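This report describes a structure for a reader who has not seen it before. The sequence and the coordinates come next, and the text then goes through selected parts.

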Amino acid sequence: MSLPRSARLVAPLAIVIAASLAACASPAAGSGEGQRIDGGTIVYAPQQEPACVFGGWIEQAYISYNVLDSLVSLDENSQVVPWLAEKWEESDDGLSWTFTLKDGVGFTDGTPVNAEAVAYNFDYWVTGGNSTARVWLFGYYESAEVVDDLTVRINLSAPYPRLADNLTQGYFGIQSKDALETRSDEDNCSAPIGSGAFIVEEWNRGQNLVLVRNENYTSWPANALHEGPAYVEKVDWRFVADATTRVAALQSSEVDAIYDVPAVQWKTLDDGGYELERYVTAGRPQQLSFNTQIGPFTDERVRQAFAYSLDREQIVETIGQGVIPFEGNGGVSQSTPGYSQAAADRYTYDPEKAAELLDEAGWQLNADGVREKDGETLEVVLPYGAGSIVNADGAAILQGVKEQAEQVGFVVDLIPVPQAELFAGAYSTAEERDIAVGYWTAVTSGILYINWRPSTPESPNYSNQAFYDDEELGQLILDANSAADLDTQNELYQQAQEYIADHALAIGVYARLSTLAVAPNLHDVWQEHAQGGPTFYDAYLTE
Amino acid sequence: MTALRPSVIDAPRVALTKRPWSLYLSIGLLAFLAVAAVAPNLLAPYGPTAIDYDSALQPPSFLHLFGTDESGRDLYSRVIHGTSQSLLIGIGAAFVSLVLAVILGALAALSVKPVAILVDRSVEILFAFPALLLALLLIAITGPSAWTQVFAVGLGTAPGYARMVRGQILAAKNSGYVEAATALGHSRGRILHEHILPNALRPLVAVFALSIGQSIVWASGLSFLGLGVAPPSPEWGALLDAGRAYVTQASWLLLFPGLVIVALALSATSIGRHLQFYLEKGRRT
């Protein structure tokens with residue numbers, strides 16, 4: 001017993017010491033660009049492992065973007081540029097879009113990328129092939145029509161002038177029709193067949209996913225930095241859930257790039273010569289949506305009181321260390337066209353006002369500093385997807401939210417929900433939670449349509465986190481979606497955001513980031529502009 | 001008959017001095033932690049979750065003995081407030097683990113062959129799973145909470161101790177003094193009660209103390225996975241895990257909770273060993 005006993009005793013101490021030592025080790029700062037390596041393998045460490053390569057979650061889009069080409073791409077100036085489609089045109093009535101495809105492009109299974117395949121993919125998405133593509137197209141998409149071999153027409157039921165912008169997102173990656181029709185679901189899940197710069201070679205679940213270069217790549221997007229096949233031979237996506245471990249792996253040169261850099265490590269890595277990339281995700285920021293159907297937040301004053309009780313800017317500034325931007329707008333984030341600053345500024349820290357509103361709403365302070373009404377305490381449930389939707393920095397921010405709301409008499413049950421449980425539907429109904437936390441990346445303010453479309457018995461909207469089924473707000477967003485003139489559209493979207501702010505249906509907390517830290521010997525990894533995912537097509541390694 | 005009484009198996013080899021300072025220190029620390037567990041407000045200057053953003057990530061000072069975390073919370077106060085929960089989880093899990101271990105170990109060593117083989121194989125199967133996996137399985141079924149953590153860690157670590165208990169009992173069963181007792185015509189029950197069980201189970205006093213520290217470390221792993229006590233709870237494991245993210249910039253966040261866990265584990269073991277020694281001495285005189 002004596003040996004294992006002592007071993008067990010020193011184990012916790014050893015962890016402490018090892019961690020401190022790991023912290024001291026950092027590579028020398030970059031000393032100019034070395035000899036360029038022909039081929040090679042990039043080891044990239046993201047934190048999330050999705051269930052399938054292609055799907056409706058952002059982490060899936062990040063992978064599939066390197067495997068599947070889309071019709072169009074979004075460049076740095078937020079302009080839609082050609083990818084699989086050479087050109088496109090919206091009809092005068094706005095009800096049909098005609099895409100002309102590049103000639104001679106093939107999927108990696110040898111079948112051609114043609115109008116028939118593209119049309120098939122549209123139908124595939126809306127019938128369940130991609131949950132996010134489906135909610136974007138819902139209510140607008142009518143049919144996809146093959147005009148000729150390389151021309152496909154998308155018919156809409158109402159005008160949607162920003163359709164091409166939306167199609168730049170990874171949810172709209174085009175797959176081989178033959179593969180979708182003939183292969184098993186499992187094959188299409190773990191190794192979808194596209195025409196992209198990389199092919200899925202193998203997926204060791206729980207460990208890594210290996211992408212190998214498509215030697216016959218011909219369909220790079222117009223905003224790529226080079227032409228021809230990718231420079232590197234392989235990209236090894238090694239899933240490392242823990243942020244501290246990711247940073248340590250980068251510092252010890254075990255990996256070449258990492259995703260989701262903790263705010264506190266930002267300066268250290270910057271000083272260490274690593275290239276840091278930060279993309280402020282457009283679409284919906286990390287926000288709090290109040291349950292407007294059941295519970296205390298059915299009263300608008302209680303929602304507003306919660307908003308006034310928080311010094312969100314101070315919380316985010318402190319935890320975010322200048323890396324994570326504060327975002328007051330609960331509808332749309334600051335990097336999105338059509339953003340309303342007025343909606344973002346609607347609530348400032350004012351605990352007295354919060355107390356006043358709660359008094360007015362009948363919630364009285366008891367001796368324990370908790371508010372009560374008719375014998376019931378003001379207890380609210382705030383679950384969050386720990387590690388999946390909200391990272392460690394976000395969790396620390398939510399702890400600040402809890403603490404400050406409790407100062408005015410709320411009791412906040414902050415519940416971290418593991419990924420598996422969350423995606424299995426935990427805390428998704430109005431009965432289970434009072435506040436929902438989450439973001440949703442998008443290219444335009446059209447995200448409002450997904451998050452606020454009123455539910456109807458025939459088509460419930462599961463993305464309406466406030467359970468707020470309001471025709472006025474819904475119509476405002478529909479009008480904006482179909483507005484032909486960009487300024488008119490943005491103005492309508494802004495009105496919708498201000499409506500959301502005025503009624504305190506949702507309040508923003510911080511802008512969701514997509515961040516990368518890249519080793520000095522890895523070059524030209526760029527974050528695609530639609531969603532901020534890493535693009536390895538142009539990347540190359542040096543010695 | 002005294003001559004036939006054996007010395008305890010696995011007796012402490014380290015000489016226990018006449019003035020056991022380590023024992024006094026250990027008792028002092030445990031007494032301090034007991035106060036912290038029962039009346040944290042006596043010892044902690046701040047509340048466990050009181051946020052003060054203006055003093056975020058402050059190194060240890062007279063104002064903040066253990067420094068502050070990313071939200072400006074006083075780490076010393078958090079450690080004090082987390083004591084009750086951590087001790088509960090540590091002692092509770094160690095208890096569950098040992099009770100299971102004694103039952104399984106005794107069954108495997110003492111019951112009739114088919115039962116013994118069945119228990120033996122079951123423990124071996126449990127052994128094949130890493131302890132954390134067993135714990136995860138239980139939490140997946142019941143959902144995360146402090147109580148689940150107690151049972152999950154207890155269940156996860158039980159197979160190892162069950163093996164140990166079985167070995168100890170078998171060793172005692174096959175020892176010369178039991179053989180001698182049998183030869184003298186003592187009844188089976190008396191042999192079991194007077195010779196086998198006391199000798200086989202006495203080392204568990206130290207093991208119990210030891211496994212408290214280990215259980216807290218296990219529980220911290222579960223807290224990290226979001227399967228234990230939810231943050232911002234000041235449970236020590238949760239503190240250790242929260243601190244990990246800041247190890248390069250604010251190492252005190254990892255260091256102090258880690259040291260407290262180590263100190264508790266050392267104290268508990270030290271007391272366990274002295275207890276074992278005195279128990280043994282008491283029996284000899």
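In β9(A), A:V210 is the bridge partner of A:E202. Strand β8 (residues 198-204) of chain A is joined to β9(A) by 6 bridges, and the two run antiparallel. Two strands count as paired if DSSP finds at least two bridges between them. Helices (H or I, at least four residues) and strands (E, at least two) are DSSP runs, numbered from the N terminus. The hairpin of β8(A) and β9(A) has 3 residues between the strands, and in it A:G206 takes a positive phi near 85°.

β9(A) also has 5 bridges to strand β10 (residues 234-238) of chain A, again antiparallel. There A:N208 has A:R238 in β10(A) as its bridge partner. Strand β9 (residues 208-213) of chain A is largely enclosed by the rest of the structure, because 6 of its 6 residues are buried. Buried means under 20% relative accessible area, exposed over 50%, and partly exposed in between (1.4 Å probe, protein chains only).

## Basis of the model

This is a predicted model, in which local features need pLDDT of at least 70 and side-chain atom pairs count only at pLDDT 80 or more, while totals for chains, interfaces and linings use all residues. Residues are numbered from 1 along each chain as its sequence is written, chains are lettered from A and ligands numbered from 1 in the order in which they are written, and side-chain values use heavy atoms, with hydrogens and water left out.

## Strand β13 of chain A and its partners

Strand β13 (residues 283-290) of chain A has 8 of its 8 residues buried, so it is largely enclosed by the rest of the structure. β13(A) pairs with strand β19 (residues 435-441) of chain A in the antiparallel sense over 6 bridges, and A:S289 stands opposite A:A436 in β19(A). β13(A) is also joined to β20(A) by 4 bridges, with the strands running antiparallel. In β20(A), A:I507 is the bridge partner of A:L288.

## An open sheet in chain A

In chain A, 3 strands form an open sheet in the order β14-β15-β16, with antiparallel pairing. β14 (364-365) and β16 (376-377) of chain A are at the edges with a single partner strand each, so one side of each has no neighbour in the sheet. Strand β15 (residues 371-373) of chain A has 2 bridges to β16(A), where A:K373 stands opposite A:E376.

Most residues other than glycine have a negative phi. Which place does A:A504 take in chain A? A:A504 lies in the loop between α18 (486-502) and β20 (506-510). A:A504 has a positive phi of about 50° although it is not a glycine, and at 0% relative accessibility it counts as buried.

A:Q321 is not a glycine either, and has a positive phi of about 50°. A:Q321 is placed in the loop between α11 and α12 (341-344) of chain A. With a relative accessible area of 36%, A:Q321 is partly exposed.

Helix α10 (residues 236-244) of chain B is largely enclosed by the rest of the structure, because 7 of its 9 residues are buried. Among them are B:W236, B:L239, B:L240 and B:D241. B:E235 caps the N-terminal end of α10(B), with a side-chain oxygen 3.1 Å from the backbone nitrogen of B:G237.

In helix α6 (residues 146-173) of chain B lies B:T148, which is buried at a relative accessible area of 10%. Leaving aside neighbours within four places in sequence, B:T148 is in contact (heavy atoms within 4.5 Å) with B:L138, B:I139, B:T142 and B:G143.

## Where chains A and B meet

The contact takes 31 residues from chain A and 39 residues from chain B. The area buried between the two chains is about 3,100 Å², of which carbon and sulfur atoms give 66%. Buried area is the accessible area (1.4 Å probe) that two parts lose on being put together, summed over both.

How many salt bridges does the rule find across the interface of chain A and chain B? The rule finds 1 salt bridge there, a term for a side-chain nitrogen of Lys or Arg within 4 Å of a carboxyl oxygen of Asp or Glu. B:R244 forms a salt bridge with A:D242, and their closest N and O atoms are 2.7 Å apart. On the side of chain A that touches chain B, α1 (2-24), α11 (312-320), α14 (392-407) and β18 (411-417) of chain A each supply at least two residues. α1(A) gives the most to this side, with 9 residues.

Technical notes: Polar contact = N/O pair within 3.5 Å; in protein donor to acceptor, adjacent residues only side chain to side chain.
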